[in-house]
Amino acid sequence: MKMDSYTDYSQLKKPAWSPPGWLFGPVWTVLYIMIAFSFGRVFILASQGKLPFVIALPFILNLVFNFAFTPLQFGLKNLLLASIDILLVLVTLVWAMAAIYPYANWITYIQIPYLLWVSFATVLQLTITWLNR
């Protein structure tokens, strides 16, 4: 997080079980490495015609929603839109995992840490949105 994002996050009402703001950067760094590797493989297979485009679609949408979160949360400072967005990140991730499983199940398995973190982050975001309404 940028410093102003960190400051903005620290000023929000959060549940007692909320992790410290500094933790998000390292967690997302590891997850983005895994995402780049596995999503990249999906896009390569789709571009080679080894996967139908419809299999790559949830991966594309997931990236769009994932990258939209920070501008919504910290740029627009809109907790409701950020909550809707993170729900879309979660839904497209589950869709992507299910879609790719018959073609390359290892890509589904490598998404499990991402799924766990996004599930936690979704509950956290919805709670923060509720507490700051």
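How are H4 and H6 oriented to each other, roughly parallel or roughly antiparallel? In this predicted model, the two helices are roughly antiparallel.

## Packing of H4 and H6

The axes of helix H4 and helix H6, the latter spanning residues 112-131, come within 9 Å. They cross at roughly 155 degrees. Angles over 145 degrees count as roughly antiparallel, and H4 and H6 are therefore placed in that class. The crossing in which H4 passes H6 is left-handed.

Helix H3 covers residues 53-75 and helix H4 covers residues 79-100, with Leu-76 in the loop between them. Lys-77 lies in this loop between H3 and H4 as well.

Both residues can be classed by relative accessibility, where exposed means over 50%. Leu-76 counts as exposed because its value is 58%. Lys-77 counts as exposed because its value is 52%. The backbone of Lys-77 has a phi near 55 degrees, which is a positive value in a residue other than glycine.

## A nonpolar surface patch

Leu-76, Leu-80, Leu-81, Ile-84 and Leu-88 form a nonpolar patch on the surface. Together these residues have about 450 Å² of accessible area.

Leu-80 has 56% relative accessibility and so counts as exposed. Leu-80 is also 25 residues from Asn-105 in sequence, and their C-alpha atoms are 34 Å apart in space.

Note on methods:
Residues numbered from 1 in each chain as written. Predicted model: local features only at pLDDT ≥ 70, side-chain atom pairs only at ≥ 80, totals over all residues. Heavy atoms only, no water. Patch = residues over 30% accessible without salt bridge, like charges linked within 9 Å, V, L, I, M, F, W, Y side chains within 5 Å. Areas by Shrake-Rupley, 256 points an atom, 1.4 Å probe, with all protein chains shown as cover. Salt bridge = Lys/Arg side-chain N within 4 Å of Asp/Glu carboxyl O. Helix = DSSP H or I, 4+ residues; strand = E, 2+ residues; numbered from the N terminus. Buried < 20%, exposed > 50% of the residue type's maximum accessible area, 1.4 Å probe, protein only. Axes fitted to C-alpha atoms, helices over the stretch in contact; angles between N-to-C directions. Parallel < 35°, antiparallel > 145°, perpendicular 65-115°, else oblique. Left-handed = near helix turned anticlockwise from the far one by under 90°.
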